[in-house]
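Dear colleague,

Please find below the structure that I am handing over to you. My findings follow directly after it.

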There are 2 protein chains.
Amino acid sequence: MKRLTLEEIGKLSGVSRATVSRVINNYPHIRPEIRERVQTIIDQTGYKPNVVARTLVSNRSNIIGLIIPSVVQQVFSDPYFPTLISGIARGCNANNLVLSLYLFDSLEDERNLFQAIIGTGLIDGLIVTTARRNQEMFDTLQESGFPVVFVGEPDDIAKTTFIDIDNITGGYTAAQYLLELGHRRIAIISTHINRSGESRLEGYRKALHEYGVPFDDHLVAYGDFSLDSGYSAMQSLIPHQPSAVFVTNDLMALGSLRALREAGLRVPEDVSVVSFDDLSPATQADPQLTTIRQPVQQTGKDAVTMLLGLINGDVQHPQHVFLPNELIVRASTGAVRSKSFRKQQEALDKGC
Amino acid sequence: MKRLTLEEIGKLSGVSRATVSRVINNYPHIRPEIRERVQTIIDQTGYKPNVVARTLVSNRSNIIGLIIPSVVQQVFSDPYFPTLISGIARGCNANNLVLSLYLFDSLEDERNLFQAIIGTGLIDGLIVTTARRNQEMFDTLQESGFPVVFVGEPDDIAKTTFIDIDNITGGYTAAQYLLELGHRRIAIISTHINRSGESRLEGYRKALHEYGVPFDDHLVAYGDFSLDSGYSAMQSLIPHQPSAVFVTNDLMALGSLRALREAGLRVPEDVSVVSFDDLSPATQADPQLTTIRQPVQQTGKDAVTMLLGLINGDVQHPQHVFLPNELIVRASTGAVRSKSFRKQQEALDKGC
DNA sequence: AATTAAGTTGAGAGCGCTCTCAAATTACAG
DNA sequence: CTGTAATTTGAGAGCGCTCTCAACTTAATT
């Protein structure tokens, strides 16, 4: 089935190409009967304008790109990215945008494709996830002046437009909740792979500080957001006998639960676990996780809106948005029980 | 930064637009010194051809679309789709294609966007997942004559090109393994939402038949691939005292484990569980799941290759590919133990 | 050396659309 | 009824590229 052109629709309805174009783009100043006649032909023929031709002249493709840096494999055992993608897709649907997805396999891919993406003039703007630090890509992006919205706070926020959740408050809330439950030996499993983890740690420290609990290096471990890393991190934490642990994402919390179980520790009786994300693993776990819910879908949706603002130029460039998060209490947390732990804590409390 | 054009590169290197085009597209019959001179200018300026203009004339965008039907939300608690997407993305990277993702929120979205996608001439071909039956979309697609590869066997395979794993053999293998372990009361949790589930059930029946075990309706339950549905299905199965259950995906297996645990049944001591997929939930579960591994990434990658064949016309159209799968034995299965169960089975065996 | 074949290049058309500009038509004021 | 302004339309240029065709140059053949 050969595709119709503007010209042909014009011929069929006895007007010029230009007039048909006007009808399609809803320009004023068209005689109603003409508009109607053309519209009828369009409907009858099922004509759709060729977006490629349109893009060529208008310089607007209505395609936006989503970049997810390498380590694709690992990335998808965590529902964070799928959820984010789905939010972004919704945002695109709502704004009549096409989403094109760039999942990189390697740093080399990133370097190559990357130039290719911006250079080709195909897409109008870019959403970039800060899954992992990548200064090189970041710099290229910044220099290009191309419309970019980062999801997740980058290290260098000066000239960047990004959206993130309020990780500091999230970390604070998690720790505060455990403190209010009476815990004093509160461990944390954080991460260095991006800034979010560090901000969550920062919130945790802030809460400890406010409650007069000294920060203890032995109670801090790091992972990479994967289940296995949470498992190892928890194993290294167990000898220091925390009565609670704040794990900075659900997947690592799953790993922590496994480590605790294998060590013969019950959750929440012996150790309370607070997690972060509230994605599917939180309710798949046993016990189900008390966790900080972050609005991942909404983040994606809003990122699209922000990017659209950038593209249209009706929004100022360095723009920072932080979304709120909320504590969801489930079965993995409880008040301090164990006498030995309590004794330790009292000793600690006295210590300050 | 203004984008350079072919014309300008030509001017800079003292040749015509056409010659530059030839250099870029690696045509033969160019004087080496000219080729080199032009290439130098291209490298120096960082010129990239405008893909939109190129698409307009060549009618090839090198963009392919991936359609994931509605119920996006639910879809992403199951890592199947993310994994598939990542496979497809790899296939695209390897073939220099851009992937554009269409996640639909509603049937209406599907109907609208759908015409929009094919009609606009933006994409060269389409990969469509058969996550859920949708005859209407299927028909539109077939009529259009547009290059389409389905992932997952559709109901009507006559004129369709699709790739899937060998679900029948997969189901057969799962059931056979349980039979070999001595199980006779083997339940199954399948699904009606697409053909895969039914094929797995078919394989299961085949195995039972070959081992002379009568098929028992009471031991069949259905879900929708979600954890909760697996949970309910298992609950409905427990009263019929299966000694093993074959659950047709990992996520429902997670639900089954929960139901079994709550009923006080141990896995694998009281009930063996074989699952399907071998995606992340399989190893996140406790106990880790014996499961049929399907090569989801590979499926995605191959789908891209097939689609490319279709687009280039160097592959015949109705083409059916089935990928093999393999049994992965983990901790959720064991030989029959319980006396009461064994007695039941003996009674049953005599019955045949 | 003459002829033919191959290699090498540029001019120009055209992909399907948008948008400017000017011409033609209609409306309204004096 | 004329002059002016607003409305309505089409012609044509042009977005940046590919591709055909013809012209010119060089190599191969007799």
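Which helices of chain A and chain B each supply at least two residues of the surface near DNA strand D? In this predicted model, they are α2 (17–24) and α4 (51–58) of chain A, together with α2 (17–24) and α4 (51–58) of chain B.

The protein surface at the DNA. There are 27 residues around DNA strand D, and those that come nearest are Thr19(A), Arg22(A), Leu6(B), Arg17(B) and Tyr47(B). Of the atoms of DNA strand D that come within 4 Å of the protein, 64% belong to sugar and phosphate.

Tyr47(B) places a side-chain N or O atom 2.3 Å from a phosphate oxygen of DNA strand D. For Arg22(B), an N or O atom of the side chain lies 3.5 Å from a base oxygen of DNA strand D.

Helix packing in chain B. Helix α1 (residues 6–13) and helix α3 (residues 32–45) of chain B pack at an angle of about 120°, and their axes are 9 Å apart. The two helices, α1(B) and α3(B), are therefore oblique to each other, and their crossing is right-handed. From α1(B), Ile9(B), Leu12(B) and Ser13(B) meet Arg37(B), Val38(B), Ile41(B), Ile42(B) and Thr45(B) of α3(B). This contact is made up of five nonpolar residues, two polar and one charged.

Yours sincerely

Definitions and conventions. Residues numbered from 1 in each chain as written. Chains lettered and ligands numbered in written order. Predicted model: local features only at pLDDT ≥ 70, side-chain atom pairs only at ≥ 80, totals over all residues. Heavy atoms only, no water. Near = heavy atom within 4 Å. Polar contact = N/O pair within 3.5 Å; in protein donor to acceptor, adjacent residues only side chain to side chain. Helix = DSSP H or I, 4+ residues; strand = E, 2+ residues; numbered from the N terminus. Axes fitted to C-alpha atoms, helices over the stretch in contact; angles between N-to-C directions. Parallel < 35°, antiparallel > 145°, perpendicular 65-115°, else oblique. Left-handed = near helix turned anticlockwise from the far one by under 90°. Contact = heavy atoms within 4.5 Å. Nonpolar A, V, L, I, M, F, W, Y, C, P; charged D, E, K, R; others polar.
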